[in-house]
Amino acid sequence: MSPTDASASPLLTHSAAPDWIEDNLGAVIGIPLRILVIVVAAMLVRALAERAITRVVERILQPAEGENGRSRSTRGPAVLQRDPSRADERREQRARTIGSVLSSIVTVVIAVMGLAMILDQIGIALGPLLASAGVVGLAIGFGAQSLVADYLSGMLIMLEDQYGVGDSVDLGEAVGEVEHVGLRLTQVRDINGGLWHIRNGEILRVRNDSQDWARAVLDVSVAYDTNLETLFGVLEETGHALREDPQFEKVLLEDPEVWGVQSLDVDAIVVRLVVKTAPLKQWSVTRELRRRVKESLDAAGIEHPFPQRTVWMRTEEAGKAPNAAAPASVGR
């Protein structure tokens, strides 16, 4: 190699470097800059979403103010309104769970979208990745469909406020008081103290005895020779006396009503007495009504029915076959 070529080689090298930088300036600076913009934008969107979710959670945690400055609930059990600690527990659990789920969903969605945009800037084809992710997601969906159903059902239960901590519910075999509501499981304590763990996806119907109001129903059986007008008067007076009792005046929401003859049984006439009560108080009101009705019927001389039975008697004479006598009716 000649001296001229040797002296020209460094010049060519130094002149080629700026040319390479100039040709690849967009890739060297533009791609990292765009990736940085994507990351910053994703973080900004997530922060705004978290702020919105926090406001929603705080709104759920804050009870609505009714007249006279007292908190009220547009929907939900009045029994919890009388027990602020249980109401706060239910409201906080519901709000925190919904907030956590929404936050997780927003984070995953923003992260996936940001990652896809970054891979697109690097030059990685997204088609095969999306196809692979679709196949994997489909396999996971088929394998864990019951788990997905549990979580979706739990989310809907909380969003619709079907029941909450402290409610008395009937979920089929599990009947009792709700102690915990999660995204996957609901825990119910029955009357015997047993704790039921029910998957939310298996809950097909719910009877909530704790929302808005309840009704105490008392069926009174009397003999057929009872004067119904007198009976109706006694029952109405007993119901009004219970409504005026200071111990029950806040529990009974309306005056007791006598609906009339409910059925004609073999041994008795059944008359129904009903009264609208506060949630979860129908059973105590029914027990008190039963005691007072018994005392009122005794005071009015109205007898309770006794079963009517027919007894067949047979007599025998010496040396003769038994003869059947007429039936004897044994009553009260």
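Is D225 buried or exposed? D225 counts as exposed, at 59% relative accessibility. The cut-offs are under 20% relative accessible area for buried, over 50% for exposed, and partly exposed in between, with a 1.4 Å probe and protein chains only.

1. Basis. This is a predicted model, in which local features need pLDDT of at least 70, side-chain atom pairs count only at pLDDT 80 or more, and totals for chains, interfaces and linings use all residues. Residues are numbered from 1 along each chain as its sequence is written, and side-chain values use heavy atoms, with hydrogens and water left out.

2. D225 in context. D225 sits in the loop between β8 (214-222) and α7. Helices (H or I, at least four residues) and strands (E, at least two) are DSSP runs, numbered from the N terminus. Along the chain, D225 and E303 are 78 residues apart, yet their C-alpha atoms are separated by 9.4 Å.

3. Helix packing. Helix α7 (residues 228-244) packs with helix α8 (residues 282-300) at an angle of about 135°, and the axes are 10 Å apart. That angle makes α7 oblique to α8. Axes are lines fitted to C-alpha atoms, for helices over the stretch in contact, and angles run from 0 to 180 degrees between N-to-C directions. Under 35 degrees counts as roughly parallel, over 145 as roughly antiparallel, 65 to 115 as roughly perpendicular, and the rest as oblique. The α7 and α8 crossing is right-handed. A crossing is right-handed if the near helix is turned clockwise from the far one by less than a right angle, and left-handed if anticlockwise.

4. The whole structure holds 15 salt bridges, each a side-chain nitrogen of Lys or Arg within 4 Å of a carboxyl oxygen of Asp or Glu. One of them joins D298 to K294, with the closest N and O atoms 2.3 Å apart. Both residues lie in helix α8, 4 residues apart, about one turn of the helix. D298 is partly exposed at 41%, and K294 is partly exposed at 38%.

5. Other salt bridges. K276 and E254 pair at 3.5 Å, N to O. K276 belongs to strand β10 (residues 269-277) and E254 to the loop between α7 and β9 (257-264), so the pair ties together parts that are 22 residues apart in sequence. E254 is partly exposed, at 34% relative accessibility. E202 bridges to R199, with the closest N and O atoms 3.1 Å apart. R199 has a relative accessible area of 29%, so it is partly exposed. A network of salt bridges links D245, E288, R291, R292 and E295.

6. Surface patch. L33, L36, V37 and V40 form a nonpolar patch on the surface, with about 370 Å² of accessible area together. Patch members have over 30% relative accessible area and no salt bridge; like charges are joined within 9 Å, nonpolar side chains (Val, Leu, Ile, Met, Phe, Trp, Tyr) within 5 Å. Areas come from the Shrake-Rupley method with a 1.4 Å probe; for residues, only the protein chains shown count as cover. V40 lies in helix α2 (residues 25-61). V40 is partly exposed, at 47%.

7. Backbone check. L280 has a positive phi of about 70°, although it is not a glycine. Most residues other than glycine have a negative phi. L280 lies in the loop between β10 and α8 and is partly exposed, at 24% relative accessibility.
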